[in-house]
Amino acid sequence: MEGFIPCQEGSAEIVFFDIETTVPNRTGQRFCVLEFGAIVVCPRNLVELESYSTLIKPKDLSVVALRSGRSDGITRDAVANAPGFEEVADKIFNLLNGRVWGGHNIQRFDCVRIKEAFADIGRPPPVPVGIIDSLGVLTEKFGKRAGNMKMASLATYFGLGQQKHRSLDDVRMNLEVLKHCATVLFLESSLPSILNRSWHSQSTITTRSRSSAGKLTCKEETSRKSPTYQRTVPYTRESLGKMTERVKNLLCKARGSQPINNLLKHSHSVLR
């Protein structure tokens, strides 16, 4: 490839990886790995050097849903003829061991699942030389500009499309999100007095409203002022007159023989 500078020999390559699992639906049930995907990139230029993905058949196929709630999700039929974890363990070990691990929320989830999967087949797990968890890095450096720190929200914020929840697709999306965040932070560091606070002072607010078809549509409000509310009169003229008459009668009973003008003056001061 013209202009491509290969990674220096001996430099620690970064492997971004992601796993898809079952979702436990009862107490004590464990996560089962259904898919593993990874890309190896050079830390100098982020060029993808290698990629690998595989579906994985769990020992108990009944834990996999017959249908997925996602359009391209993993179903029982999809993994029925896939290799078991022990059949792909060597490949996964060689990809991960001795490299820097990267991914989104991998410290609390993916790393734990990898360790469990290797323990289940009686083998020691791969060991990283370092971990880059984009969830922690972006939370600290980029903040919740996308609303939250979910990969789907970050991808939407940068116009990268919908998260597919398939390992290799999500890994590549993760890297693109990092590139975009890094670019924004780099630009902000160049003009911190102007760009660094620009995301705090956006002039438009996006809200949701329902169209006539019942679908959610986006509407922009160009003013940051509080919305203007129209006060509603609680009584019609007719009902207000009846209420006043009832107040007069009650006051007459309470005051006995006092002049009506005095009663009206008193009722006026009470109702103000």
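This is a predicted model: local features need pLDDT of at least 70, side-chain atom pairs count only at pLDDT 80 or more; totals for chains, interfaces and linings use all residues.

**Labels and their cut-offs**

Mentor: Gly98 follows helix 2 and has a positive phi, near 75°. Residues are numbered from 1 along each chain as its sequence is written, and side-chain values use heavy atoms, with hydrogens and water left out.

Trainee: How many helices and strands does the protein chain have?

Mentor: The secondary structure consists of nine helices and seven strands.

Trainee: Why is Arg99 called buried?

Mentor: Buried means under 20% relative accessible area, exposed means over 50%, and partly exposed lies in between, with a 1.4 Å probe and protein chains only. The relative accessible area of Arg99 is 15%, and therefore Arg99 is buried. Arg99 sits in the loop between helix 2 and strand 4. Beyond residues up to four places away in sequence, Arg99 touches Glu13, Val15, Val40, Glu50, Asn94, Val127, Pro128, Val129 and Gly130, where contact means heavy atoms within 4.5 Å. Of the 272 residues in the protein chain, 29% count as buried.

Trainee: Which residues of helix 2 are buried, and why are they said to line one face of the helix?

Mentor: In helix 2 (residues 85–96), the buried residues are Phe85, Val88, Ala89, Ile92, Leu95 and Leu96. Seen down the axis of helix 2, these residues fall within an arc of 140°, so they line one face. The arc is taken over the directions from the helix axis to the C-beta atoms. An α-helix has 3.6 residues a turn, so residues three or four places apart point the same way.

Trainee: What is exposed on the other side of helix 2, and what do its buried residues pack against?

Mentor: Glu87 and Asn94 are exposed on that other side. The buried residues pack against strand 1 (14–21), strand 2 (33–41), strand 3 (48–55), strand 4 (100–103) and helix 3 (106–120).

Trainee: What makes Leu46 partly exposed, and what is the value of its phi?

Mentor: Leu46 has 30% relative accessibility and therefore counts as partly exposed. Its phi is near 60°, a positive value in a residue other than glycine. Leu46 belongs to the loop between strand 2 and strand 3. Asn105 also has a positive phi in a residue other than glycine, near 65°, and is placed in the loop between strand 4 and helix 3. At 24% relative accessibility, Asn105 counts as partly exposed.

Trainee: Why is Ile132 called partly exposed, and which residues is it in contact with?

Mentor: Ile132 has a relative accessible area of 32%, and so it is partly exposed. Ile132 is located in strand 5 (residues 130–133). Neighbours within four places in sequence aside, Ile132 is in contact with Ile14, Val100, Trp101, Gly102, Gly103, Ile106 and Val137. Ile132 and Gln107 are 25 residues apart in sequence, with 8.8 Å between their C-alpha atoms.

Trainee: What makes a space in the structure a cavity?

Mentor: On a 1 Å grid over the protein atoms alone, a cavity is a set of points where a 1.4 Å probe fits but cannot get out; a pocket is an open set with protein on both sides within 12 Å along at least five of seven lines, and lining residues have an atom within 4 Å of a point. Grid points are joined across faces, edges and corners, and a volume is the space filled by probe spheres set on the points. The structure holds one cavity of 30 Å³ or more, and the largest cavity has a volume of about 30 Å³. Its lining consists of Thr22, Val23, Pro24, Gln29, Arg30, Cys32 and Val63.

Trainee: How do the residues of that lining divide?

Mentor: Four are nonpolar, two polar and one charged. Ala, Val, Leu, Ile, Met, Phe, Trp, Tyr, Cys and Pro count as nonpolar, Asp, Glu, Lys and Arg as charged, and the others, Gly among them, as polar.

How values were computed: Helices (H or I, at least four residues) and strands (E, at least two) are DSSP runs, numbered from the N terminus.
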